[in-house]
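Okay, my turn. Have a look at the model on the screen, and I'll talk you through how the chains meet.

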Protein chains: 2
Amino acid sequence: MAMPEKLELTELTTLKRLPERGRFEREVIDAIIDSALICHLGFVVDDQPYVIPTICARVSDTLYVHGSAASRMLRSIGDGRRVCATMTHIDGLVVARSAFHHSMNYRSVVVLGSARLVEEDDEKTLALDAVVDHILPGRPSEVRAHTRNELAATKVLAMPITEASAKLRVGGPVDDEDDLGAPVWAGTIALRVVAGAAVAAGDLRPGIAVPASVRAALSR
Amino acid sequence: MAMPEKLELTELTTLKRLPERGRFEREVIDAIIDSALICHLGFVVDDQPYVIPTICARVSDTLYVHGSAASRMLRSIGDGRRVCATMTHIDGLVVARSAFHHSMNYRSVVVLGSARLVEEDDEKTLALDAVVDHILPGRPSEVRAHTRNELAATKVLAMPITEASAKLRVGGPVDDEDDLGAPVWAGTIALRVVAGAAVAAGDLRPGIAVPASVRAALSR
(Lines give C-alpha, C1' and ligand atoms only; values in the text may rest on other atoms or scores of the structure.)
Protein backbone atom coordinates (compact mmCIF):
# COMPACT_ATOMS: atom_id res chain seq x y z
CA MET A 1 0.00 0.00 0.00
CA ALA A 2 1.39 3.36 -0.95
CA MET A 3 1.50 5.88 1.82
CA PRO A 4 0.14 9.35 1.12
CA GLU A 5 2.68 12.15 1.05
CA LYS A 6 1.14 13.60 4.13
CA LEU A 7 -0.30 11.28 6.75
CA GLU A 8 -3.81 11.86 7.96
CA LEU A 9 -4.10 12.92 11.53
CA THR A 10 -5.75 10.24 13.59
CA GLU A 11 -7.04 10.68 17.08
CA LEU A 12 -3.90 8.99 18.38
CA THR A 13 -1.28 10.91 16.45
CA THR A 14 -2.81 14.33 16.93
CA LEU A 15 -0.41 16.22 19.14
CA LYS A 16 -2.03 17.37 22.31
CA ARG A 17 0.63 19.85 23.35
CA LEU A 18 2.71 22.35 21.38
CA PRO A 19 1.05 21.27 18.12
CA GLU A 20 3.16 23.79 16.22
CA ARG A 21 6.09 21.40 16.76
CA GLY A 22 4.29 18.58 14.97
CA ARG A 23 5.13 17.57 11.41
CA PHE A 24 3.33 15.01 9.32
CA GLU A 25 5.06 15.25 5.94
CA ARG A 26 6.25 11.90 4.75
CA GLU A 27 9.73 13.18 3.87
CA VAL A 28 10.26 14.64 7.34
CA ILE A 29 9.17 11.39 8.99
CA ASP A 30 11.30 9.24 6.68
CA ALA A 31 14.42 11.34 7.15
CA ILE A 32 14.19 11.08 10.94
CA ILE A 33 13.63 7.31 10.81
CA ASP A 34 16.40 6.73 8.27
CA SER A 35 19.02 8.60 10.24
CA ALA A 36 18.24 6.94 13.58
CA LEU A 37 20.52 4.07 14.58
CA ILE A 38 17.91 2.55 16.85
CA CYS A 39 14.31 2.91 17.87
CA HIS A 40 12.76 2.49 21.29
CA LEU A 41 10.01 -0.08 20.93
CA GLY A 42 7.10 0.00 23.36
CA PHE A 43 4.82 -2.95 23.99
CA VAL A 44 2.55 -4.09 26.77
CA VAL A 45 2.49 -7.36 28.69
CA ASP A 46 -0.07 -7.76 31.48
CA ASP A 47 -0.62 -4.00 31.76
CA GLN A 48 3.11 -3.35 32.14
CA PRO A 49 4.62 -1.31 29.32
CA TYR A 50 8.18 -2.16 28.26
CA VAL A 51 10.45 0.12 26.27
CA ILE A 52 13.35 -1.68 24.62
CA PRO A 53 16.10 -0.12 22.45
CA THR A 54 16.40 -2.04 19.24
CA ILE A 55 17.91 -1.87 15.77
CA CYS A 56 15.44 -1.04 13.01
CA ALA A 57 15.22 -0.07 9.37
CA ARG A 58 12.64 1.33 7.01
CA VAL A 59 11.86 -0.23 3.63
CA SER A 60 9.30 1.91 1.82
CA ASP A 61 6.24 1.97 4.08
CA THR A 62 7.40 -0.73 6.48
CA LEU A 63 9.50 -0.48 9.60
CA TYR A 64 11.46 -3.65 10.33
CA VAL A 65 12.61 -4.36 13.84
CA HIS A 66 15.11 -6.96 14.90
CA GLY A 67 16.42 -6.52 18.36
CA SER A 68 18.52 -7.79 21.17
CA ALA A 69 15.54 -8.33 23.43
CA ALA A 70 14.02 -10.28 20.64
CA SER A 71 12.81 -13.22 22.58
CA ARG A 72 10.48 -11.60 25.10
CA MET A 73 9.65 -8.85 22.67
CA LEU A 74 8.70 -11.13 19.81
CA ARG A 75 6.80 -13.56 21.95
CA SER A 76 4.86 -10.61 23.26
CA ILE A 77 4.11 -8.59 20.16
CA GLY A 78 4.03 -10.86 17.15
CA ASP A 79 0.35 -11.45 17.86
CA GLY A 80 -0.88 -8.19 16.42
CA ARG A 81 -1.29 -6.18 19.60
CA ARG A 82 -0.55 -2.47 19.48
CA VAL A 83 3.05 -1.29 19.69
CA CYS A 84 4.89 2.02 19.42
CA ALA A 85 8.29 2.66 17.84
CA THR A 86 9.98 5.97 18.62
CA MET A 87 13.15 7.38 17.06
CA THR A 88 14.84 10.39 18.62
CA HIS A 89 17.78 12.59 17.70
CA ILE A 90 19.10 15.05 20.25
CA ASP A 91 20.43 17.98 18.24
CA GLY A 92 21.39 20.37 20.97
CA LEU A 93 20.94 21.91 24.39
CA VAL A 94 18.91 25.09 24.66
CA VAL A 95 20.27 27.30 27.44
CA ALA A 96 17.81 29.91 28.65
CA ARG A 97 17.95 32.78 31.12
CA SER A 98 15.58 30.94 33.46
CA ALA A 99 15.61 27.29 34.47
CA PHE A 100 12.03 27.06 33.27
CA HIS A 101 12.86 27.73 29.61
CA HIS A 102 15.81 25.38 29.28
CA SER A 103 15.08 22.87 26.57
CA MET A 104 16.58 20.64 23.92
CA ASN A 105 16.56 20.76 20.19
CA TYR A 106 15.49 17.39 18.89
CA ARG A 107 13.77 15.50 16.11
CA SER A 108 11.57 12.53 16.91
CA VAL A 109 9.11 10.25 15.20
CA VAL A 110 6.45 8.12 16.84
CA VAL A 111 5.03 5.21 14.82
CA LEU A 112 1.92 3.52 16.19
CA GLY A 113 0.44 0.27 14.97
CA SER A 114 0.47 -3.47 15.13
CA ALA A 115 3.48 -5.59 14.31
CA ARG A 116 3.44 -8.84 12.40
CA LEU A 117 6.09 -11.53 12.57
CA VAL A 118 7.92 -11.89 9.25
CA GLU A 119 7.73 -15.55 8.27
CA GLU A 120 8.88 -15.67 4.65
CA ASP A 121 12.59 -16.13 3.98
CA ASP A 122 12.63 -13.60 1.14
CA GLU A 123 11.14 -10.84 3.24
CA LYS A 124 13.32 -11.81 6.18
CA THR A 125 16.42 -11.53 4.00
CA LEU A 126 15.28 -8.16 2.71
CA ALA A 127 14.65 -6.94 6.24
CA LEU A 128 17.95 -8.16 7.67
CA ASP A 129 19.89 -6.66 4.79
CA ALA A 130 18.00 -3.41 5.32
CA VAL A 131 18.89 -3.39 9.00
CA VAL A 132 22.61 -3.89 8.29
CA ASP A 133 22.53 -1.42 5.41
CA HIS A 134 20.75 1.09 7.61
CA ILE A 135 23.56 1.06 10.14
CA LEU A 136 26.42 0.68 7.70
CA PRO A 137 25.35 1.53 4.14
CA GLY A 138 26.84 -0.88 1.60
CA ARG A 139 27.82 -3.51 4.15
CA PRO A 140 25.45 -6.28 2.96
CA SER A 141 27.35 -6.55 -0.32
CA GLU A 142 30.67 -6.98 1.53
CA VAL A 143 29.63 -10.08 3.48
CA ARG A 144 28.39 -13.54 2.54
CA ALA A 145 24.70 -14.32 2.15
CA HIS A 146 22.60 -15.36 5.13
CA THR A 147 22.50 -19.10 5.75
CA ARG A 148 19.26 -21.00 6.18
CA ASN A 149 20.16 -21.57 9.81
CA GLU A 150 20.71 -17.88 10.39
CA LEU A 151 17.35 -17.02 8.88
CA ALA A 152 15.67 -19.70 10.98
CA ALA A 153 17.35 -18.37 14.12
CA THR A 154 16.35 -14.78 13.42
CA LYS A 155 13.03 -13.18 14.14
CA VAL A 156 11.92 -9.99 12.48
CA LEU A 157 8.88 -7.83 13.09
CA ALA A 158 7.24 -5.62 10.48
CA MET A 159 5.21 -2.56 11.29
CA PRO A 160 3.38 -0.41 8.74
CA ILE A 161 4.36 3.26 8.79
CA THR A 162 0.83 4.56 8.38
CA GLU A 163 0.06 6.10 11.74
CA ALA A 164 3.08 8.26 12.44
CA SER A 165 4.04 11.76 13.41
CA ALA A 166 7.22 13.74 13.75
CA LYS A 167 7.97 16.34 16.33
CA LEU A 168 10.91 18.66 16.43
CA ARG A 169 12.36 21.72 18.05
CA VAL A 170 14.95 23.98 16.46
CA GLY A 171 16.43 27.33 17.32
CA GLY A 172 17.46 29.30 20.36
CA PRO A 173 15.87 29.82 23.74
CA VAL A 174 12.54 31.58 24.05
CA ASP A 175 12.79 33.56 27.25
CA ASP A 176 10.22 35.61 29.09
CA GLU A 177 10.25 39.27 28.17
CA ASP A 178 11.08 40.16 31.77
CA ASP A 179 14.26 38.09 31.70
CA LEU A 180 15.77 39.54 28.53
CA GLY A 181 17.55 42.30 30.39
CA ALA A 182 19.13 39.97 32.94
CA PRO A 183 22.91 39.53 32.90
CA VAL A 184 22.55 35.84 32.19
CA TRP A 185 23.96 34.02 29.17
CA ALA A 186 21.54 32.28 26.81
CA GLY A 187 22.07 30.32 23.65
CA THR A 188 22.47 26.83 22.24
CA ILE A 189 25.04 24.07 22.24
CA ALA A 190 24.82 21.76 19.23
CA LEU A 191 25.30 18.06 19.87
CA ARG A 192 26.13 15.41 17.34
CA VAL A 193 27.22 11.80 17.19
CA VAL A 194 30.70 11.25 15.79
CA ALA A 195 32.56 8.10 14.90
CA GLY A 196 35.97 7.28 16.30
CA ALA A 197 38.56 5.16 14.53
CA ALA A 198 37.90 1.76 13.03
CA VAL A 199 39.44 -0.76 15.43
CA ALA A 200 40.14 -4.16 13.89
CA ALA A 201 38.91 -7.26 15.70
CA GLY A 202 41.59 -9.03 17.72
CA ASP A 203 41.25 -12.11 15.55
CA LEU A 204 41.26 -10.33 12.18
CA ARG A 205 43.58 -11.96 9.65
CA PRO A 206 46.47 -9.70 8.63
CA GLY A 207 46.27 -7.80 5.37
CA ILE A 208 42.54 -7.14 5.23
CA ALA A 209 41.81 -3.49 4.42
CA VAL A 210 39.10 -1.41 6.05
CA PRO A 211 36.16 -1.71 3.62
CA ALA A 212 34.24 1.09 1.91
CA SER A 213 31.23 0.83 4.23
CA VAL A 214 33.39 1.40 7.30
CA ARG A 215 35.41 4.19 5.69
CA ALA A 216 32.16 5.96 4.85
CA ALA A 217 30.93 5.62 8.43
CA LEU A 218 34.12 7.19 9.77
CA SER A 219 33.72 10.29 7.64
CA ARG A 220 30.07 10.92 8.55
CA MET B 1 13.65 4.27 51.37
CA ALA B 2 17.24 3.26 50.75
CA MET B 3 17.79 1.08 47.75
CA PRO B 4 19.94 -2.02 48.17
CA GLU B 5 23.30 -1.95 46.45
CA LYS B 6 22.16 -4.71 44.17
CA LEU B 7 18.54 -4.82 43.12
CA GLU B 8 16.62 -8.02 43.60
CA LEU B 9 15.59 -9.72 40.41
CA THR B 10 11.86 -9.62 40.02
CA GLU B 11 9.91 -11.62 37.52
CA LEU B 12 9.68 -8.54 35.33
CA THR B 13 13.30 -7.46 35.34
CA THR B 14 14.78 -10.92 34.90
CA LEU B 15 16.34 -10.88 31.47
CA LYS B 16 14.89 -13.50 29.24
CA ARG B 17 17.56 -13.41 26.56
CA LEU B 18 21.34 -13.11 26.75
CA PRO B 19 21.21 -12.88 30.56
CA GLU B 20 25.01 -12.57 30.64
CA ARG B 21 24.52 -9.01 29.37
CA GLY B 22 22.38 -8.09 32.35
CA ARG B 23 23.71 -6.03 35.24
CA PHE B 24 21.91 -5.20 38.44
CA GLU B 25 24.52 -3.36 40.50
CA ARG B 26 23.27 -0.04 41.72
CA GLU B 27 26.38 1.84 40.59
CA VAL B 28 26.10 0.51 37.04
CA ILE B 29 22.43 1.46 36.85
CA ASP B 30 23.03 4.93 38.34
CA ALA B 31 25.93 5.70 36.01
CA ILE B 32 23.86 4.88 32.93
CA ILE B 33 20.91 6.96 34.14
CA ASP B 34 23.09 9.90 35.18
CA SER B 35 24.87 10.15 31.84
CA ALA B 36 21.72 9.93 29.70
CA LEU B 37 20.35 13.23 28.43
CA ILE B 38 16.87 11.82 28.01
CA CYS B 39 14.82 8.75 28.72
CA HIS B 40 12.14 7.15 26.59
CA LEU B 41 9.04 6.90 28.74
CA GLY B 42 6.49 4.21 27.98
CA PHE B 43 2.90 4.35 29.15
CA VAL B 44 -0.39 2.82 28.04
CA VAL B 45 -3.66 4.51 27.15
CA ASP B 46 -6.55 2.28 26.01
CA ASP B 47 -4.23 -0.64 25.20
CA GLN B 48 -2.03 1.57 23.02
CA PRO B 49 1.53 1.95 24.30
CA TYR B 50 3.21 5.31 23.76
CA VAL B 51 6.96 5.92 23.91
CA ILE B 52 7.90 9.56 24.39
CA PRO B 53 11.42 11.01 24.64
CA THR B 54 11.67 13.20 27.68
CA ILE B 55 14.16 14.94 29.92
CA CYS B 56 14.77 13.22 33.26
CA ALA B 57 17.05 13.25 36.27
CA ARG B 58 17.83 10.98 39.18
CA VAL B 59 17.85 12.18 42.78
CA SER B 60 18.94 9.35 45.03
CA ASP B 61 16.37 6.58 44.50
CA THR B 62 13.90 8.65 42.51
CA LEU B 63 13.71 9.30 38.80
CA TYR B 64 12.07 12.63 37.98
CA VAL B 65 10.53 13.14 34.59
CA HIS B 66 9.43 16.41 33.10
CA GLY B 67 8.83 16.29 29.43
CA SER B 68 7.70 18.06 26.34
CA ALA B 69 4.77 15.72 25.88
CA ALA B 70 3.85 16.50 29.43
CA SER B 71 0.22 17.15 28.90
CA ARG B 72 -0.95 13.84 27.46
CA MET B 73 1.70 11.97 29.38
CA LEU B 74 0.85 13.43 32.74
CA ARG B 75 -2.87 13.14 32.28
CA SER B 76 -2.29 9.52 31.44
CA ILE B 77 0.21 8.35 33.99
CA GLY B 78 -0.09 10.44 37.12
CA ASP B 79 -2.72 8.02 38.34
CA GLY B 80 -0.32 5.31 39.42
CA ARG B 81 -0.54 3.02 36.45
CA ARG B 82 2.58 1.13 35.37
CA VAL B 83 5.17 2.92 33.27
CA CYS B 84 8.64 2.16 31.93
CA ALA B 85 11.57 4.55 31.57
CA THR B 86 14.47 3.46 29.40
CA MET B 87 17.84 5.19 28.97
CA THR B 88 20.15 4.10 26.19
CA HIS B 89 23.68 5.00 25.14
CA ILE B 90 24.98 3.79 21.79
CA ASP B 91 28.71 3.28 22.25
CA GLY B 92 29.67 1.82 18.92
CA LEU B 93 28.99 -0.26 15.85
CA VAL B 94 30.13 -3.87 15.83
CA VAL B 95 31.15 -4.93 12.34
CA ALA B 96 31.24 -8.71 11.87
CA ARG B 97 32.25 -11.02 9.02
CA SER B 98 28.63 -12.05 8.52
CA ALA B 99 25.52 -9.87 8.44
CA PHE B 100 24.09 -12.05 11.18
CA HIS B 101 26.68 -11.08 13.78
CA HIS B 102 26.63 -7.34 13.24
CA SER B 103 25.67 -5.62 16.46
CA MET B 104 26.05 -2.49 18.53
CA ASN B 105 27.85 -1.77 21.74
CA TYR B 106 25.45 -0.06 24.09
CA ARG B 107 24.47 0.55 27.70
CA SER B 108 20.82 0.72 28.67
CA VAL B 109 18.71 0.80 31.79
CA VAL B 110 15.04 -0.11 32.09
CA VAL B 111 13.14 1.21 35.12
CA LEU B 112 9.70 -0.24 35.75
CA GLY B 113 7.15 1.08 38.20
CA SER B 114 4.37 3.49 38.87
CA ALA B 115 4.75 7.24 38.66
CA ARG B 116 3.26 9.75 41.03
CA LEU B 117 2.59 13.37 40.26
CA VAL B 118 4.79 15.68 42.34
CA GLU B 119 2.47 18.15 44.10
CA GLU B 120 4.64 19.84 46.69
CA ASP B 121 6.52 22.99 45.64
CA ASP B 122 9.68 22.02 47.52
CA GLU B 123 9.95 18.66 45.80
CA LYS B 124 9.02 20.23 42.48
CA THR B 125 11.81 22.78 42.86
CA LEU B 126 14.26 20.03 43.75
CA ALA B 127 13.20 17.99 40.75
CA LEU B 128 13.34 20.87 38.27
CA ASP B 129 16.75 21.93 39.51
CA ALA B 130 17.90 18.33 39.22
CA VAL B 131 16.67 18.15 35.63
CA VAL B 132 18.53 21.33 34.63
CA ASP B 133 21.60 20.30 36.60
CA HIS B 134 21.51 16.88 34.97
CA ILE B 135 21.74 18.38 31.50
CA LEU B 136 24.05 21.25 32.37
CA PRO B 137 25.77 20.70 35.73
CA GLY B 138 25.96 23.90 37.74
CA ARG B 139 23.37 25.77 35.69
CA PRO B 140 20.70 26.11 38.43
CA SER B 141 22.99 28.40 40.43
CA GLU B 142 23.52 30.66 37.41
CA VAL B 143 19.84 31.51 36.89
CA ARG B 144 17.13 33.09 39.02
CA ALA B 145 14.85 30.99 41.22
CA HIS B 146 11.64 29.49 39.87
CA THR B 147 8.61 31.72 40.22
CA ARG B 148 5.38 30.51 41.75
CA ASN B 149 3.75 30.74 38.35
CA GLU B 150 6.44 28.59 36.78
CA LEU B 151 6.05 25.93 39.44
CA ALA B 152 2.30 25.99 39.00
CA ALA B 153 2.66 25.64 35.24
CA THR B 154 5.08 22.74 35.51
CA LYS B 155 4.21 19.13 36.08
CA VAL B 156 6.73 16.62 37.31
CA LEU B 157 6.45 12.87 37.70
CA ALA B 158 8.43 10.82 40.22
CA MET B 159 9.22 7.17 39.79
CA PRO B 160 11.04 5.01 42.35
CA ILE B 161 14.17 3.32 41.04
CA THR B 162 13.52 0.01 42.73
CA GLU B 163 12.69 -2.29 39.86
CA ALA B 164 15.46 -1.67 37.38
CA SER B 165 18.03 -3.48 35.33
CA ALA B 166 20.94 -2.53 33.14
CA LYS B 167 22.03 -4.25 29.98
CA LEU B 168 25.17 -3.65 28.03
CA ARG B 169 27.38 -4.97 25.29
CA VAL B 170 31.07 -4.21 24.98
CA GLY B 171 33.86 -5.51 22.80
CA GLY B 172 34.43 -6.71 19.29
CA PRO B 173 32.42 -8.95 16.99
CA VAL B 174 31.87 -12.59 17.86
CA ASP B 175 31.94 -14.40 14.55
CA ASP B 176 31.27 -18.00 13.70
CA GLU B 177 34.39 -20.18 13.68
CA ASP B 178 33.79 -20.94 10.00
CA ASP B 179 33.96 -17.28 9.04
CA LEU B 180 37.24 -16.42 10.77
CA GLY B 181 39.29 -17.35 7.72
CA ALA B 182 37.23 -15.24 5.32
CA PRO B 183 38.88 -12.20 3.72
CA VAL B 184 36.33 -9.89 5.32
CA TRP B 185 37.13 -7.02 7.68
CA ALA B 186 35.71 -7.12 11.19
CA GLY B 187 36.01 -4.74 14.09
CA THR B 188 34.34 -1.89 15.90
CA ILE B 189 33.64 1.78 15.33
CA ALA B 190 33.23 3.79 18.52
CA LEU B 191 30.49 6.41 18.57
CA ARG B 192 30.16 9.32 20.94
CA VAL B 193 28.16 12.48 21.36
CA VAL B 194 30.20 15.68 21.08
CA ALA B 195 29.28 19.28 21.70
CA GLY B 196 29.77 21.97 19.09
CA ALA B 197 30.37 25.61 19.89
CA ALA B 198 28.24 27.69 22.25
CA VAL B 199 26.09 29.90 20.05
CA ALA B 200 24.70 32.96 21.79
CA ALA B 201 20.98 33.70 21.50
CA GLY B 202 20.16 36.34 18.92
CA ASP B 203 18.73 38.59 21.61
CA LEU B 204 21.59 38.17 24.11
CA ARG B 205 22.76 41.47 25.57
CA PRO B 206 26.35 42.30 24.60
CA GLY B 207 29.12 41.68 27.09
CA ILE B 208 27.76 38.56 28.80
CA ALA B 209 30.40 35.86 29.00
CA VAL B 210 29.78 32.17 28.40
CA PRO B 211 29.18 30.76 31.90
CA ALA B 212 31.02 27.92 33.64
CA SER B 213 28.24 25.40 33.08
CA VAL B 214 28.32 25.91 29.33
CA ARG B 215 32.13 25.92 29.16
CA ALA B 216 32.13 22.58 31.01
CA ALA B 217 29.60 21.13 28.55
CA LEU B 218 31.76 22.12 25.60
CA SER B 219 34.77 20.27 26.91
CA ARG B 220 32.96 17.03 27.63
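So, A:Ala195: its bridge partner in β9(B) is B:Leu191. On terms: strands here are DSSP E runs of at least two residues, helices are H or I runs of at least four, both numbered from the N terminus, and two strands pair if DSSP finds at least two bridges between them.

Quick housekeeping: this is a predicted model, so local features need pLDDT of at least 70 and side-chain atom pairs count only at pLDDT 80 or more, while totals for chains, interfaces and linings use all residues. Residues are numbered from 1 along each chain as its sequence is written, and chains are lettered from A and ligands numbered from 1 in the order written.

Now zoom out to the whole interface. 84 residues of chain A are in contact with 84 of chain B, where contact is C-beta atoms, placed from the backbone, within 7 Å. Elements giving two or more residues to chain A's side include β2 (38-45), α3 (121-135) and β9 (187-200). β9(A) gives the most, with 13 residues. By class, that side has 55 nonpolar, 17 polar and 12 charged residues; Ala, Val, Leu, Ile, Met, Phe, Trp, Tyr, Cys and Pro count as nonpolar, Asp, Glu, Lys and Arg as charged, and the others, Gly among them, as polar.

What about symmetry? Chain A lands on chain B with an RMSD of 0.0 Å, by a turn of 180° and a shift of 0.0 Å along the axis. The copies are therefore related as by a two-fold rotation axis. In chain A, the residue closest to the axis is A:Val193, at 2.2 Å by C-alpha.

Last stop, helix α1 of chain A, residues 26-34. A:Ile29, A:Ile32 and A:Ile33 are buried there, meaning 20 or more other C-beta atoms within 10 Å of their own, whereas exposed is 12 or fewer and partly exposed is in between. The face turned away carries the exposed A:Glu27 and A:Asp34. Covering the buried residues are, among others, β3 (48-59) and β8 (163-169) of chain A.

Key. Contact = placed C-beta atoms within 7 Å. Least-squares fit on C-alpha atoms with pLDDT ≥ 70 in both.
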